[in-house]
Amino acid sequence: MKKQTRTAINKLLATDRALDDVCVKGWVRSTRRGKGVAFITLNDGSCFASLQLVLSPETTDFETVSRVGTGACLTARGALVASPAAGQSWELHAHEVEVIGVADDSYPLQKKRHTFEYLRSIAHLRPRSNTFGAVFRVRSRLAFAVHQFFQQRGFIYVQTPIITANDCEGAGEMFRVTTLDPQNPPQTAGKVDWNKDFFGERTGLTVSGQLQGELFATAFSDIYTFGPTFRAENSNTSRHAAEFWMIEPEIAFADLEDNCRLGEDFLRYLVTFALENCAEDLDFFDQRVEKGLLDKLESLAKAEFKTLPYTEAVELLLKSGQDFEFPVAWGNDLQSEHERFLTEKIFSGPVFVTDYPKQIKAFYMRLNDDDRTVAAMDLLVPRVGEIIGGSQREERYEVLERRMIESGIDPRDLDWYLDIRRWGTCPHAGFGLGFERLLMYLTGMENIRDVIPFPRTPGHARF
Ligand code: 4AD
Ligand code: MG
């Protein structure tokens with residue numbers, strides 16, 4: 001077959017007229033043979049729908065190519081014509097089909113439906129399934145939407161480091177980064193001598209880009225980060241991954257209220273963007289994954305986001321009479337069962353919980369005048385629970401230094417972080433949105449492992 005530029009299937013399916021000579025390439029989803037005719041559905045990932053190829057004895061090598069296996073990769077050339085079949089407007093009458101890569105019966109993605117658990121065990125092939133095709137197209141579009149939101153508002157995109165010497169907030173255990181020989185590390189007085197390690201001190205993978213983000217916010221006013229984040233916490237839940245992506249805006253001259261408004265605008269923008277730009281994939285999720293998803297997203301795009309101080313949240317939970325596994329008491333952190341009760345049962349919608357007790361939040365959150373709570377905010381949404389966590393930052397040098405010491409952090413280790421409070425300090429605030437939690441919310445997928453291409457969780461890093 002002569003070399004010809006391929007046209008993506010989404011472009012062909014969107015055409016408004018028949019085309020007599022087109023070339024498509026993709027992977028076979030299914031085949032069906034009749035007398036003197038064969039049908040092949042071909043998918044190239046450009047959209048949810050597959051293109052139906054119609055083969056006849058006039059098709060070159062009809063006898064061989066019509067027996068191609070599911071999963072095979074092929075090129076087809078022919079005419080795009082209006083389809084008489086229901087559910088598709090166009091089909092390709094193939095003059096020529098060339099098999100690029102064969103697939104035999106052992107190809108795991110044959111016609112039957114597979115469970116998400118099984119598909120996870122073949123993470124190298126699952127992008128070729130309907131569900132994961134849709135998930136990863138939405139993921140890609142939404143990554144673009146994140147940048148578009150901030151770039152339109154003049155935020156500076158900053159790439160914070162992946163290897164770091166500081167454990168930002170004790171948010172979780174850090175993965176260690178070292179080039180020392182684990183069998184035989186250099187030692188001084190019986191202890192590992194980290195000064196001899198690659199960076200001359202103990203380093204790990206970042207748990208958050210926030211602290212470095214703050215440095216840039218006090219130079220560029222409005223910044224955001226968007227990158228991978230690593231937490232070695234051994235919590236095997238459906239919402240935690242050891243490697244996940246986080247978006248962290250940081251805004252100068254802003255308080256907690258401004259921070260909540262930014263979080264609200266951001267989430268609303270992303271949901272609206274998905275509804276407008278990922279309609280075909282969201283339709284599939286609405287029908288097959290979470291019934292009512294589209295209604296939920298449409299109502300979130302219009303919803304009023306409630307704000308509720310932690311103290312009142314605790315009162316509401318106590319008054320509810322609900323039997324919780326973890327006790328509710330002022331000073332205890334909210335568990336996901338409490339968060340979901342608030343957003344699903346009490347408010348039936350998004351709610352910001354603010355002003356948490358200082359002992360359960362990070363040292364950098366701004367101390368409130370009551371001396372017991374800090375200017376923190378978590379945004380809770382139905383089904384997912386916490387989707388955003390953030391705060392106004394402590395901009396007062398002495399207060400911050402005291403909070404570090406109270407939290408067991410040596411201020412000398414974070415002298416660079418304290419320095420921005422020493423010269424030209426200003427009120428500022430920010431938050432982190434977990435990108436996978438966002439995708440769970442948008443697609444209805446219930447396990448974080450199913451919205452990240454290659455999930456890393458305790459015991460799993462194979463693909
Ligand atoms: O609440 P977190 O730990 O906040 C921070 O890291 C702050 N430094 C953010 C900031 O103020 N700039 O994490 C923020 C969000 C959570 O709300 C959640 O959506 C997500 O990150 N997240 C996780 N997502 C997947 N797997 C995990 N293990 C996650 N831990 C947090
Ligand atoms: Mg949090």
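Strand β1 (residues 19–34) pairs with strand β4 (residues 73–82) in the antiparallel sense over seven bridges, where pairing requires that DSSP finds at least two bridges between two strands. Helices (H or I, at least four residues) and strands (E, at least two) are DSSP runs numbered from the N terminus. This is a predicted model, in which local features need pLDDT of at least 70 and side-chain atom pairs count only at pLDDT 80 or more, while totals for chains, interfaces and linings use all residues. Residues are numbered from 1 along each chain as its sequence is written, and side-chain values use heavy atoms, without hydrogens and water.

**Strands**

- C23 has R77 in β4 as its bridge partner.
- β1 also pairs with strand β2 (residues 37–43), in the antiparallel sense and over seven bridges.
- Opposite G34 stands V37 in β2.
- Two residues lie between the strands in the hairpin of β1 and β2, where G36 takes a positive phi near 65°.

**Helices**

- Helix α6 (residues 256–277) and helix α8 (residues 293–302) have axes that come within 9 Å and cross at roughly 140°; axes are lines fitted to C-alpha atoms over the stretch in contact, with angles from 0 to 180 degrees between N-to-C directions.
- α6 and α8 are therefore oblique to each other, since angles under 35 degrees count as roughly parallel, over 145 as roughly antiparallel, 65 to 115 as roughly perpendicular and the rest as oblique.
- The contact (heavy atoms within 4.5 Å) involves L267, R268, V271, T272 and L275 of α6, together with L294, L297, E298, L300, A301 and K302 of α8.

Conventions. Chains lettered and ligands numbered in written order.
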